[in-house]
Amino acid sequence: MDEALKTITATASQPFDRAAVMTDNSILLIYPPERELDFREMLFDRCLPGLKSAGISFEVLDLTHFLFDCFDEQELEDLQDDEFRNYRLMKQGLSKRAESALCKTLQDLSQKAPGTNLFLVCTVCLFPLVRYGEVLRNLRELKCRIFIAFPGEERGGKLHFMNEPDAGNYLAVRITIKT
């Protein structure tokens, strides 16, 4: 994890280049799903305090309660009613709504703090609804560098999120965290 920590810090300390290809400003932090707590400990106890002490700007978006924050009670009640009629369609609808809400939240954060480093954590909380490759595809003009916690692995050149094949077209830089 020490090598990954150095790489994250070095990447975050680089000036944000608005003229660069925007997808190059997305970084996947890939780690084994069973090491989620170790990853969070490394990030919150070592990485982010190090960035703060070095004067490197960053924001953190914790997705733990994201679904509860972006859907009101009536929407959830309507979705619950639909579940009994067609669960598959409801899940697809919820997935699109969650991905759209996440894109909007990230765009808003980018506008508030352009050029910052944005850490997207607790991404597992939106599994299996959100496909991060789809989210990134809609954020190619994001005005900040985004680090996405990615509990998964790369197998044969393809990414697997939470050990499930992920068909996302990731153009992001990949940092693999070995434990």
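The expected span of a helix is 1.5 Å times one less than its number of residues. Keep that rule at hand for the opening stop. The model on screen is predicted.

**Stop 1: helix α1**

Select residues 2-13, which form helix α1. The 12 residues of α1 should span 16 Å at 1.5 Å a residue, and the end C-alpha atoms are 16 Å apart, so the two values agree.

E3 has 57% relative accessibility, and K6 has 55%. Show their side chains. They meet in a salt bridge, at 3.8 Å from N to O. The two residues sit 3 residues apart in α1, about one turn of the helix. An α-helix has 3.6 residues a turn, so residues three or four places apart point the same way.

**Stop 2**

How many salt bridges does the structure hold? The count is 9. Two further examples are worth a zoom.

Select R174 and E154. Their closest N and O atoms are 2.8 Å apart, in a salt bridge. This pair links distant parts of the chain: R174 belongs to strand β7 (residues 173-176), E154 to strand β4 (residues 145-155), and 20 residues separate them. R174 is partly exposed, at 31% relative accessible area. E154 is also partly exposed, at 41%.

Next, select E153 and R155. Here too is a salt bridge, with the closest N and O atoms 2.5 Å apart. E153 counts as partly exposed at 32% relative accessibility. R155 is partly exposed as well, with 37%.

**Stop 2: the cysteines**

Show the sulfur atoms. The structure has 0 disulfides. Centre on C125, which is in no disulfide: the nearest cysteine sulfur belongs to C122 and is 5.1 Å away. The cut-off for a disulfide is 2.5 Å between the sulfur atoms. C125 is partly exposed, at 31% relative accessibility. C70 is another cysteine to select; its relative accessible area is 25%, so it counts as partly exposed.

**Stop 3: T123**

Move to the loop between β3 (117-121) and α6 (132-137), where T123 is found. Is T123 buried or exposed? T123 is buried, with a relative accessible area of 0%. Show what touches it. Beyond its neighbours within four places in sequence, T123 contacts L63, Y132, I148, A149, F150, P151 and F161.

**Stop 4: the nonpolar cores**

Finish inside. The largest nonpolar core has 31 residues. Select L102, L106, L120 and Y132, the residues with the most contacts inside this core. Then colour by element: β1 (26-31), α5 (87-112), β3, α6, β4 and β5 (158-161) each give two or more residues to the core. Which element gives the largest share? That is α5, with 7 residues.

Notes: Residues numbered from 1 in each chain as written. Predicted model: local features only at pLDDT ≥ 70, side-chain atom pairs only at ≥ 80, totals over all residues. Heavy atoms only, no water. Salt bridge = Lys/Arg side-chain N within 4 Å of Asp/Glu carboxyl O. Helix = DSSP H or I, 4+ residues; strand = E, 2+ residues; numbered from the N terminus. Buried < 20%, exposed > 50% of the residue type's maximum accessible area, 1.4 Å probe, protein only. Contact = heavy atoms within 4.5 Å. Core = buried A, V, L, I, M, F, W, Y, C linked by side-chain atoms within 4.5 Å.
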